[in-house]
Amino acid sequence: MLTASDTAALQQLARDELPGLYGLARHLAGPNEAEDLVQEALLRACESFGSLREHRAGARWLRVILTNVWRDRVRKETRTAREVPVDDVEAFSLYRVLVDEDPYPYSDTLHLDFLGAFTDGDVDTVLLRLPPRYRAPLVLRYVEGFATRQIAQLLELPLGTVLSQLHRGRKLFERAMWDYADECGFVARRDAARSV
Amino acid sequence: MVDRMISCVEAVRHLWEFLDQGLPDDANQAVEEHLARCVRCCGELEFARKLRGVLRTATAGQLPDDVRGRLAGFIDDLDHAE
């Protein structure tokens, strides 16, 4: 049971960190489950607030709890759900696809122009298209700034598995960026240009 | 000098870890030496750096007002949580 002052401190911490916590929850679990995930994480934080020694570390502590709650949920689901097959993306290079397809023929800054076509919301949409097992390490590493070893501990996975998921996640992200740009008309494909 | 040259495919495979400074010393040196002589992979490296930056921006402005309101209410009620 928390004291009144601990509860007040946790509430203040939660208010301060709410946008970041919700952002992480959304990236881990998707928009439909994010709010519920934040609530469950906050309830779990109430149970273990006494274990937080350094209140300055509270932001990171809340993110660790939220990630643990998500990990436990995913484990329960994957006991019954079948693995989503991911086709081979090892050889995909967005950099080279852009060179080969040359979607902006008059540009000297092809790759920057491509990235410049994406709003933050577009990038978010692309990220949410990735399978959760690849999206989670990517978000924890590059959005939240956790070290690879910390991610392995958080997700209770061997380091080699996390490294492999990160690599594949990056490749899937590159390919998803290209597919999204194609769907949204950010790029003019060569074959389409030839047919005009 | 490293013991062996690495191919573009292998160098590109390690670029993000190279940027993260997460490679073992020998692999790091192999990538460095490859980049010293491969202009194309230097382009890949720069692009990987930009793409990493794009990923970092993906969280901006994601808390809708209605969700913020509900979660703020939930936080206010935490003092009743068992």
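Which residues are linked with A:R71 in a network of salt bridges? The members are A:R44, A:R71, A:D72, A:R75 and A:E156. This model is predicted. Keep that in mind as you read on.

A:D72 and A:R71 form a salt bridge, and their closest N and O atoms are 3.2 Å apart. A:R71 has 11% relative accessibility, so it counts as buried, being under the 20% cut-off. A:D72 comes to 23%, so it counts as partly exposed. Over all chains, the structure holds 19 salt bridges.

Now find helix α2 of chain A. It runs over residues 31–48, which makes 18 residues. From first C-alpha to last it reaches 26 Å, close to the 26 Å expected at 1.5 Å a residue. Several of its residues are buried: A:A34, A:E35, A:L37, A:V38, A:A41, A:L42, A:A45 and A:C46.

A:E35 leads us across to chain B. Its side chain is joined to that of B:R70 by a polar contact of 2.7 Å. B:R70 lies in helix α5 of chain B. With a relative accessible area of 43%, B:R70 is partly exposed, whereas A:E35 is buried.

Next, look at the whole interface. Chain B brings 36 residues to the contact and chain A brings 39. Together the chains bury about 3,700 Å², with 70% of it on carbon and sulfur atoms. In chain B, the residues that lose the most area to chain A are B:F47, B:L55 and B:I75. Together they make up 18% of what that side buries.

Charged partners meet here too. The interface has 5 salt bridges. One pairs B:E17 with A:R170, with the closest N and O atoms 4.0 Å apart. B:E17 lies in helix α2 of chain B and A:R170 in helix α9 of chain A, so this pair joins two chains. Both residues are buried.

Which helices of chain B each supply at least two residues to the side touching chain A? They are α1, α2, α4 and α5. Helix α4 gives the most, with 11 residues.

B:E46 and B:R49 meet at 3.1 Å, N to O. Both lie in this helix, 3 residues apart, about one turn. An α-helix has 3.6 residues a turn, so residues three or four places apart point the same way. B:E46 is partly exposed at 37%, and B:R49 is partly exposed at 38%.

Terms used: Residues numbered from 1 in each chain as written. Chains lettered and ligands numbered in written order. Predicted model: local features only at pLDDT ≥ 70, side-chain atom pairs only at ≥ 80, totals over all residues. Heavy atoms only, no water. Helix = DSSP H or I, 4+ residues; strand = E, 2+ residues; numbered from the N terminus. Expected span 1.5 Å × (residues − 1). Buried < 20%, exposed > 50% of the residue type's maximum accessible area, 1.4 Å probe, protein only. Contact = heavy atoms within 4.5 Å. Buried area = accessible area lost by both parts, 1.4 Å probe. Salt bridge = Lys/Arg side-chain N within 4 Å of Asp/Glu carboxyl O. Polar contact = N/O pair within 3.5 Å; in protein donor to acceptor, adjacent residues only side chain to side chain.
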